[in-house]
Amino acid sequence: MTGPFVIAQILQSLWTAAFRPKYKGNLMYISTGLLAGTAYSLSKAHAVIVANNQQLGFLQYIQYFLPITLHFGWTTAAALVNLNGAVSMNESSSSNLVRWVG
């Protein structure tokens, strides 16, 4: 679990630096990619916990599984919202693409 979790924390730290108003146009996709990478890494850490959940007691389950699950869910939703914002604010995006992304 340590490797994917550490990578997720690094990617989220980089996302905070990349999610700035000065990044416009195609540069907005950098923060989207970093946030999606965070969600993907957290999904791998989540999978490790799920595979070994018989070894966890109730307190450990609440202490480790619940926060990673919430963080994984939040970053997944935020990556989709970030993608939607990047596509809709990009002036070169076609109306069909904007409609497809939501």
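The buried residues of helix H1 pack against helix H2 (28-51) and helix H3 (58-89). Here, buried means under 20% relative accessible area, exposed means over 50%, and partly exposed covers the values in between, with a 1.4 Å probe and protein chains only. Helices are DSSP runs of H or I with at least four residues, numbered from the N terminus. The model is a predicted one, in which local features need pLDDT of at least 70 and side-chain atom pairs count only at pLDDT 80 or more, while totals for chains, interfaces and linings use all residues. Residues are numbered from 1 along each chain as its sequence is written, and side-chain values use heavy atoms, with hydrogens and water left out.

Helix H1 itself runs through residues 2-18, a stretch of 17 residues. From its first C-alpha to its last it reaches 24 Å, close to the expected 24 Å, where the expected span is 1.5 Å times one less than the number of residues. Its buried residues are Ala-8, Leu-11, Gln-12, Trp-15 and Ala-18. Viewed down the helix axis, these residues fall within an arc of 115°, so they line one face of H1; the arc is taken from the directions between the helix axis and the C-beta atoms.

Trp-15 and Phe-19 form a stacked pair, with 5.2 Å centre to centre and 25° between the planes. Of these two, Trp-15 is buried at 14% relative accessibility, whereas Phe-19 is partly exposed at 47%. Trp-15 also pairs edge-to-face with Trp-74, at 6.4 Å centre to centre and 85° between the planes. Because Trp-15 lies in helix H1 and Trp-74 in helix H3, this pair ties together parts that are 59 residues apart in sequence. Trp-74 is partly exposed, with a relative accessible area of 43%.

Leaving aside neighbours within four places in sequence, Thr-32 is in contact (heavy atoms within 4.5 Å) with Ala-79, Asn-82, Leu-83 and Ala-86.

Definitions and conventions: Helices (H or I, at least four residues) and strands (E, at least two) are DSSP runs, numbered from the N terminus. Rings of Phe, Tyr and Trp (its six-membered ring) pair if their centres lie within 6.5 Å; planes under 30 degrees apart count as stacked, over 60 as edge-to-face and the rest as tilted.
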